Amino acid sequence: MTLIEKEATLEIRVEKVGAWDDKDVYKYTLDNGNMQVELTNYGGIISRIITPDKDGKLENVVLALETVPDYFTKNGPYLGAAVGRYANRIGKASFTLDGETFSITKNNGENTLHGGAKGFGVKVWNAETVSEKDAIGVKMIYESVDGEEGFPGNLTTTLWMALTTNNELKLRFESTTDKKTVVNLTNHSYFNLSGITGDVRDHELQIFADAITPAGAGQIPTGEIKAVAGTRFDFQTPKNLGAQLDALGEGFDHNYVTKRDNSDELKKIAIVKHSGSGRVMEVYSTAPGVQLYTANHVRNFAGADGKTYQPHWALCLEPEAWPDSPNKPNFPSTSLAPGEKYVHKIVYMFGVEVK
């Protein structure tokens with residue numbers, strides 16, 4: 001992967017775009033001279049990622065809404081959002097810690113999805129800009145109170161999002177609590193490296209994972225860890241996504257096992273390529289899993305630039321803990337106790353491949 005480079009000129013532009021819950025909402029544009037990333041402190045949302053193709057043409061490569069205020073009421077698919085306290089699903093909307101059972105908000109049938117009815121992706125975060133020698137970004141903080149959506153503990157979360165001179169978008173989540181709780185945070189961007197000209201069947205995908213956690217009813221894991229080798233879920237070598245979708249017979253919404261522990265190793269977990277534009281994205285994470293979701297339920301959805309999004313118009317690679325981990329003792333733990341710190345790092349690196 002190579003970069004189309006101009007002289008790096010790091011710049012942050014800040015614009016007040018509205019208010020929600022009596023708090024000011026801002027759009028932050030990070031510009032490194034080669035690409036731009038638009039962020040907002042509403043939901044910690046990445047609203048646009050604008051990158052060059054092999055000819056230098058700049059296009060947005062994530063599903064988006066037209067304006068930041070549109071996200072206040074129209075973001076059912078969690079486009080670009082920071083999701084938590086617990087990304088993905090918790091079965092039967094309950095879990096037990098140290099013998100105490102907690103009932104949390106049901107918002108996905110009998111289960112909890114992405115933190116409940118009003119998770120982190122619909123909150124206004126306190127934000128400030130940050131600058132370093134080789135990066136510019138935004139630091140956001142959200143204070144989740146004890147009992148919010150049923151989760152125990154006052155949880156303080158800080159999210160750093162920065163664009164580097166090397167065309168890396170770096171995310172770092174850190175959380176602390178005053179009472180034992182569970183935490184699983186990620187970003188929920190929907191990627192389409194073509195510049196969103198149609199579906200992602202012409203994308204090539206590689207996931208560095210040798211297993212998935214099979215799911216049953218309601219997409220809740222059964223507790224098994226199943227090898228992908230020789231199956232329709234196998235992306236250990238690069239595969240055409242359309243061919244894999246045809247083999248599956250439905251869309252992907254599966255957790256891939258990238259690690260089997262909670263080590264702090266930042267590991268390359270996926271590579272996405274689009275031959276038509278030449279764009280390439282590499283994904284790195286410290287989490288033990290990544291959810292592959294192919295926008296199966298995004299149908300007739302009015303997006304930005306007059307486009308109407310349909311199923312499989314994007315793929316999500318959501319680095320995170322395994323779904324329903326609080327109820328699966330054999331899965332890596334997602335519990336966080338007072339005095340401990342939850343840390344999750346994600347890196348999206350963008351470039352081109354010219355053949």
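A polar contact is a pair of N or O atoms within 3.5 Å; within protein, one atom must be able to donate a hydrogen and the other to accept it. I keep this definition at the head of the page for the entry on His344. The model I consulted is a predicted one.

**Entry 1: His344**

I located His344 in strand β29, which spans residues 342-352. Is His344 buried or exposed? I found a relative accessibility of 2% for His344; the limit for buried is under 20%, so His344 counts as buried. I then looked for a polar partner of the His344 side chain. A polar atom of that side chain lies 2.9 Å from the backbone oxygen of Leu185, and I noted this distance against the 3.5 Å limit. Leaving aside residues up to four places away in sequence, I listed the residues that His344 touches: Leu171, Arg172, Phe173, Leu185, Thr186, Ser285, Thr286, Ala287, Pro319 and Glu320.

**Entry 2: the sheet containing β29**

I next traced the sheet. It is open, has nine strands and runs in the order β11-β12-β13-β14-β29-β23-β22-β17-β20, with antiparallel pairing. Which strands form the edges? I recorded β11 (126-131) and β20 (239-240), each of which pairs on one side only. In the order given, β29 stands between β14 and β23.

I followed one pairing further. Strand β22 (residues 267-274) and strand β23 (residues 279-285) pair in the antiparallel sense, and I noted six bridges between them. The bridge partner of Lys267 is Ser285 in β23.

I found a cis peptide bond from Gly84 to Arg85, with omega near 10 degrees. Arg85 lies in the loop between β6 (81-83) and β7 (89-90).

Asn88 is in the loop between β6 and β7. Asn88 is not a glycine, yet I read a positive phi of about 70 degrees for it. Lys92, in the loop between β7 and β8 (94-97), likewise is not a glycine and has a positive phi, of about 55 degrees.

Why do I class Asn88 as buried? Its relative accessible area is 2%, and buried means under 20%.

Note on methods:
Residues are numbered from 1 along each chain as its sequence is written. This is a predicted model: local features need pLDDT of at least 70, side-chain atom pairs count only at pLDDT 80 or more; totals for chains, interfaces and linings use all residues. Side-chain values use heavy atoms; hydrogens and water are left out. Two strands pair if DSSP finds at least two bridges between them. Helices (H or I, at least four residues) and strands (E, at least two) are DSSP runs, numbered from the N terminus. Buried means under 20% relative accessible area, exposed over 50%, partly exposed in between (1.4 Å probe, protein chains only). Contact means heavy atoms within 4.5 Å.
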